[in-house]
Amino acid sequence: MKLVRFGPRGQEKPGLVTADGRLKDISAHVRDYDHDFFAGGGLERLLALAATPDALPDAPAGVRLGAPVARPRNVFAIGLNFSDHAKETGKEIPTEPVLFMKATGAVCGPNDPILIPRCSVKTDWEVELALVIGRTARYLPSKEAARDHVAGFCIANDVSERSFQIERGGQWSKGKSSDNFLPLGPWLVTADEVPDPQALAMRLTVNGETRQSGTTALMIFDVWHIVHYLSHFLTLEAGDVVITGTPPGVGMGMKPPKFLAAGDVVELTIDGLGRQRCVCEQA
Ligand code: ZN
């Protein structure tokens, strides 16, 4: 299934995308795709609704898409999970997953503007595979067990302000958490429709020029390892979002470095997960 949320920001309704690409409104049946939905077996209930899509009303044509999950309790992010990206940023290849946090308020829709923060001079892009936790995970016994705790996958742009992140003291969260620094979607594709999350091409363009062209096959730590690993340090709650690292080709790694400016168009694709298109705006 492909889960979507649509409507004005803050008033999104839950929906489904049918196999032939129609957007259906399921707000009569489901309140929202939030912690309670995933924790309460919502995906199983949704399967029954998805079986008869013609019985569901259409969503309005041309409606805005929100992030495919409601504001999560946590957004966990893995840094430097591709060796070539670690190299381009001048960092050592990590021996354990590098964890940082993004503010949950940074989540926005897949086609919302990327807001360039005031005083920013180094707003950068990062295409990433995101996963959504479907069942609370703590102290998982194995990598294999992680499969039962992931609801599905979507595209994320881990937008990053490099001067805030690196030059303004302390660790990374300051440069990762501005408004609209986490476009998610367009859809949450359930895990059953992503048979191998480690075999997905991922691509990002700026104004039509390819900047990142990678594959999840080259992750240092795969998604199941990440979920298993994190569960030994913290509780992953249903509805939480985990973003799993970016391939090489970010602006800070270019020679000379390039960053985003108002008017730039950033487009992201990952195999089977759709496309994002964001225009940059000054905050
Ligand atoms: Zn990242």
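Start by selecting Leu43, Glu44, Val150, Ala151 and Thr190: of the 18 residues that line the largest pocket, these lie nearest its centre. The model you have open is a predicted one, so keep that in mind as you click around.

Next, colour the secondary structure around this spot. Three elements, α1 (35-39), α2 (42-50) and β10 (150-157), each give two or more residues to the lining of the largest pocket. Pick out α2 in particular, as its four residues make up the largest share of that lining.

Now colour the lining by residue class: for the largest pocket you will find eight nonpolar, six polar and four charged residues.

Why does the largest pocket lie between domain 1 (2-55) and domain 2 (75-282)? Both domains give residues to its lining, so the pocket sits between them.

Then move on to the second largest pocket. Select Arg5, Arg9, Glu12, Arg71 and Val107, which lie nearest its centre among the 15 residues of its lining. The second largest pocket holds about 230 Å³ of space.

Keep the class colouring on for this stop: the lining of the second largest pocket divides into five nonpolar, four polar and six charged residues. Domain 1 (2-55) and domain 2 (75-282) each supply at least three residues to the lining of the second largest pocket.

Methods:
Residues are numbered from 1 along each chain as its sequence is written. This is a predicted model: local features need pLDDT of at least 70, side-chain atom pairs count only at pLDDT 80 or more; totals for chains, interfaces and linings use all residues. Side-chain values use heavy atoms; hydrogens and water are left out. On a 1 Å grid over the protein atoms alone, a cavity is a set of points where a 1.4 Å probe fits but cannot get out, and a pocket is an open set with protein on both sides within 12 Å along at least five of seven lines; lining residues have an atom within 4 Å of a point. Ala, Val, Leu, Ile, Met, Phe, Trp, Tyr, Cys and Pro count as nonpolar, Asp, Glu, Lys and Arg as charged, and the others, Gly among them, as polar. Domain bounds come from an automatic or database domain assignment. Grid points are joined across faces, edges and corners, and a volume is the space filled by probe spheres set on the points.
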